[in-house]
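Colleague: I would like to learn how to read a model of this kind, one feature at a time. Please give the general idea first and then the case at hand.

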Amino acid sequence: MIKLKHAVYVLLGTALFYTGCSSKSEEAVQPNIANETITQASLKFTNQANPADTPSCTYTFHLDNNDNVTSVDSTTLTLKANSKYNGVVYMLDQTQTPVFVVSNEIQQRENYHLFFYQPTPITTAPVISNTSPYIPGTPVTPNLAQLNLTIARTDQDTNNPPMQVGLTTLFTTGAASTGNLRWVLRHQPNAKNGTYAPGSSDLDVNFITIIH
Amino acid sequence: MKKLIIILTVVLATFSGFTAKAQTNSYWDIFGGASVPTGQFANSNYGELYHENNQAGFAKTGYVIGLDGAWYIHKSNWAVAATVSYQDQGQLSGKDVQALAAGYQDAFDVDLGQASSHGRYENLNVLVGPQYSFLFSKLTLDIRGNVGFVKSFSTPEIDIVVTDAGIPHPFAQLSSTATGFAYGGSADLRYMLTKKLGIILKENYVASPGIAITNTSRVNNAGRLDNKQPVSVFQSTLGLNFGF
């Protein structure tokens, strides 16, 4: 019985000694690194009724040797009236050799990226939800003729539940009209919830848009 | 091959010979020693982008202390054995949190990744199982299979903040006090110093498919995400053995 007591004391003593050892905390900060650069962003379309009708628009950033933007240019998006177009995103980083396809990277990182597409002018405020591709806060101009274009995203990410991405889209045109298409890529690390607000913009460009 | 068969036959014959002469006595013992993590539990590699080691445990070599006993069935060489042990498998190192900060920064493609960790792996194993003993006068070899559970008292908490465009997005892997199924096996060598007192060298392996881990503020599926932490340790201990 004495042996048992001694053994238990030894065990308890050892346990107390070790559990008394304090647990320190460790902390690390990973230094800033440069994200990939988008030097060219394109939207490419195929008319559902006529596969030979493949309009596109491209926004190009011209950079100096220090990767500062020196100038930009964009092409006009021209779509046929009363048509449905399947759209795909194509983005490049031409500062890398070989040229890096950023849109492939976005696809791999789709769980925290979300594209928004906003036609303007608009005469009524669009319905904003977590499946809406439209940008909240876009000015409504009842006195101007609106751009007759509606947009829906057609792809989903692998979040649970899945959310839309916008690398592929369906553009539906109405009657002939002109305006602009604002195109935004939101980067929402651990914050993507289908809405525009969280995160920051990796891309925010405009295209003159003609529906004829 | 022939040699191996001859050696095995001789060893088994020797064991049987000794077993026939010696007598089994139920016992208990107290032990302590090193506990070495293995497999994913010991893995301290964050992994590659899109191929993260979700269950890398970053556990360290620590210590184990415990109580153990065996009760022989009708003076045969078979016994029912039980072990209760406490393990400490350390905490994340500075290098580990640096790897996590870099990994999450890359995974979320952000300007800044920050990681901090506190708390240790501390758990209790309770295992029971059959034991067979080979007796050689004062020396006994025990072979044992075990099943039971591992009760976690704590696991390291990992706090992450990914910051992009100056906007912080924090999330965390919390300390776990969950319980999980465990199994293992051991081989002991006991040497009796007196009729009732001896020393015991124990080599023990314990594994668990995993204890549940809770993560908070994980909004999107990206980066390392550990929902279940497998536990596996190899333990080498010395102890005092007491006969009943």
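**Reading the model**

Modeller: Start with burial: a residue is buried if 20 or more other C-beta atoms lie within 10 Å of its own, exposed if 12 or fewer, and partly exposed in between, with C-beta atoms placed from the backbone. In chain A, buried residues make up 28% of the 212 residues. This is a predicted model, in which local features need pLDDT of at least 70 and side-chain atom pairs count only at pLDDT 80 or more, while totals for chains, interfaces and linings use all residues. Residues are numbered from 1 along each chain as its sequence is written, and chains are lettered from A and ligands numbered from 1 in the order in which they are written.

Colleague: How many helices and strands does chain A have?

Modeller: Helices (H or I, at least four residues) and strands (E, at least two) are DSSP runs, numbered from the N terminus. Chain A has two helices and twelve strands. Their order from the N terminus is α-β-β-β-β-β-β-β-α-β-β-β-β-β.

Colleague: What do the contacts in chain A join?

Modeller: Two residues are in contact if their C-beta atoms, placed from the backbone, lie within 7 Å. Of the contacts in chain A between residues at least 6 apart in sequence, 60% join residues at least 24 apart. Leaving out residues up to four places away in sequence, L63(A) touches T39(A), N68(A), V69(A), T70(A) and T95(A). L63(A) counts as partly exposed because it has 15 C-beta neighbours inside 10 Å.

Colleague: Which strands pair with strand 10 of chain A?

Modeller: Strands of a sheet pair through backbone hydrogen bonds, either parallel or antiparallel. As a criterion, two strands pair if DSSP finds at least two bridges between them. Strand 6 (residues 84–93) of chain A pairs with strand 10 of chain A in the antiparallel sense over five bridges, and K84(A) stands opposite T172(A). Strand 9 (residues 149–153) of chain A is also joined to strand 10 of chain A by five bridges, again antiparallel. There I151(A) stands opposite F171(A).

Colleague: Where do the side chains of strand 10 of chain A point?

Modeller: They alternate along strand 10 (residues 168–173) of chain A.

Colleague: Turning to chain B, what do its strands form?

Modeller: Eight strands of chain B form a closed barrel that runs 1-4-5-7-8-11-12-14, with antiparallel pairing. The twist averages 25 degrees from one strand to the next, where axes are lines fitted to C-alpha atoms, for helices over the stretch in contact, and angles run from 0 to 180 degrees between N-to-C directions.

Colleague: How many bridges join strand 7 of chain B to strand 8 of chain B?

Modeller: 13 bridges join strand 7 (residues 122–136) of chain B to strand 8 (residues 139–154) of chain B, and the two run antiparallel. V128(B) has V147(B) as its bridge partner, and N125(B) stands opposite V150(B). The two strands form a hairpin with two residues between them, and S137(B) in the turn has a positive phi of about 55 degrees. Strand 8 of chain B is joined by 13 bridges to strand 11 (residues 179–192) of chain B, also antiparallel; there L141(B) stands opposite L189(B).

Colleague: Which residues have a backbone worth checking?

Modeller: The bond from T97(A) to P98(A) is cis, with omega near -5 degrees, and P98(A) is in the loop between strand 6 and strand 7 (100–101) of chain A. A cis peptide bond also joins N160(A) and P161(A), with omega about 0 degrees; P161(A) lies in the loop between strand 9 and strand 10 of chain A. F58(B) is not a glycine, yet has a positive phi of about 60 degrees. F58(B) counts as buried because it has 29 C-beta neighbours inside 10 Å.

Colleague: How many residues does each chain give to the contact between them?

Modeller: Chain A gives 31 residues and chain B gives 43 residues. Helix 1 of chain A gives the most to the chain A side, with seven residues.
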